[in-house]
Amino acid sequence: MYSRSTEPCPPQFVKNAKPVFGTFTGHPSRLDIRGVQSPYSTLPLPLWITNLRIKSRLSVFFNLGPYIGCVDFFDAKIFGFSDVCFWNKETKQRFVYRSVMGPRKRFVPHNLNIGFTANYKKHRYARISWDRNRGMLSLIFNLKGNRVRPSSNGALIADTSSEEASELTLVMPSPIVRRCSAHYMQSVPLHGAITLDSNGDIQTMNDSDGQAFFDMSRTYMKFHTKGEFLTGLGSVNGKQLVFRLQVSTQDAIERDRYNANAMFYGGDVTALPPVVITHPYGMMNTWFIQDTEGMVDLSFTPVSDNPNVISAFVLRSEYHTMYGTFEGTLVTGSGEKISFKSLAGITKKYMIRL
């Protein structure tokens, strides 16, 4: 059976001229990859220039009551984007709220012990914050609607001190050893509610329990990057199950040794092998996700697609965020086989050109 070695996480990854690659349990105090020497060539470029090529993303995926969705912040250094997208799983209705954020010193913080990211725009307020001393991760949004979408408010709180909370930190070549990417992932139980207001017709769900997946990444980006990643969230056999599987042109050459695939089940973490993602019948038909180690055998059936094309300054990106359901089997590091049907999830297929 596939096994990827894990080590206790160093106190921090900060301005390290020689990255420490590996898969680590726990978290560093800071997730910071600035300062790698000559990440793009042997030319002695100033660090402040190569640091500008680091792009960061902070996301929280949630599955709560009738809703599943994600809140994303993308840090492109001189400007940022925020994207709130969620679906009603019963009606399949989609709610999307996007915003470009103006110049700011930093959109995604480095501190993993306490911090926050927010879009302060009056009609597009969204905030992700965390405080490990209090064992809390919170997601708050207050979004103004228009003729095609209702106003929405959400207050979601996750307990990071729960027995079902689990985390993983990964530092990988991207794709060669001169460059690197760092990822921090955490699966946590979630509690809260979402309210929709469509011209006075207010729909408030009861406070519910669910699942959340916190994801922070920093990458020395190539000029042209594309990839896909899949996130499943739900409860199987009375335990919280969250998994992340991905394939991209930023992946390390030694994918068996370095990849960002992981499963969080009942408070335990399993580092998963590299996978192959195919959709032979088109993007909006069934996807197939498999590995060569017998640990991942899944299919994903899309229900709704949220396309998003962004052109700003020198950045162009095309994202497809899809809600759908997973079916299949995953195997834990201890050999336990987990089978499920109709597990809710979100996939993203993207292309970024700098």
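Tutor: A strand is a DSSP run of E with at least two residues, numbered from the N terminus, and two strands pair if DSSP finds at least two bridges between them. The model is predicted: local features need pLDDT of at least 70 and side-chain atom pairs count only at pLDDT 80 or more, whereas totals for chains, interfaces and linings use all residues. Residues are numbered from 1 along each chain as its sequence is written, and side-chain values use heavy atoms, without hydrogens and water.

Student: How many bridges join strand 17 to strand 18?

Tutor: Four, and the two strands run antiparallel. They form a hairpin with two residues between them, and Gly266 in the turn has a positive phi of about 60 degrees. Strand 17 (residues 262-265) points Ala262 and Phe264 one way and Met263 and Tyr265 the other way, with all of them buried, that is, under 20% relative accessible area with a 1.4 Å probe and protein chains only. Strand 16 is also joined to strand 17 by four bridges, again antiparallel; there Arg244 has Ala262 as its bridge partner.

Student: Which residue in the turn between strand 12 and strand 13 has a positive phi?

Tutor: Asn199, at about 55 degrees, in a hairpin with two residues between the strands. Strand 12 pairs with strand 13 (residues 201-204) in the antiparallel sense over four bridges, and Asp197 stands opposite Ile202.

Student: How do I read a cavity?

Tutor: Rolling a probe the size of a water molecule over the atoms shows where empty space is left. A cavity is a set of points on a 1 Å grid over the protein atoms alone where a 1.4 Å probe fits but cannot get out, and its lining residues have an atom within 4 Å of a point. The whole structure has five cavities of 30 Å³ or more.

Student: Which strand gives the most to the lining of the largest cavity?

Tutor: Strand 16, with four residues. Strands that each supply at least two residues include strand 3 (54-64), strand 12 (180-198) and strand 23 (337-353).

Student: And how do I read aromatic rings?

Tutor: A pair of aromatic rings is described by the distance of the centres and the angle of the planes. Rings of Phe, Tyr and Trp (its six-membered ring) pair if their centres lie within 6.5 Å; planes under 30 degrees apart count as stacked, over 60 as edge-to-face and the rest as tilted. The whole structure has 18 aromatic pairs. Tyr67 and Phe86 have ring centres 5.6 Å apart and planes at 85 degrees, so they are edge-to-face. Tyr67 is in strand 4 (residues 67-75) and Phe86 in strand 5 (residues 80-88), so the pair ties together parts 19 residues apart in sequence. Trp130 and Phe214 are edge-to-face too, 5.4 Å centre to centre with 65 degrees between the planes. Since Trp130 lies in strand 8 (residues 124-131) and Phe214 in strand 14, this pair ties together parts 84 residues apart in sequence.

Note on methods
On a 1 Å grid over the protein atoms alone, a cavity is a set of points where a 1.4 Å probe fits but cannot get out, and a pocket is an open set with protein on both sides within 12 Å along at least five of seven lines; lining residues have an atom within 4 Å of a point. Grid points are joined across faces, edges and corners, and a volume is the space filled by probe spheres set on the points. Buried means under 20% relative accessible area, exposed over 50%, partly exposed in between (1.4 Å probe, protein chains only).
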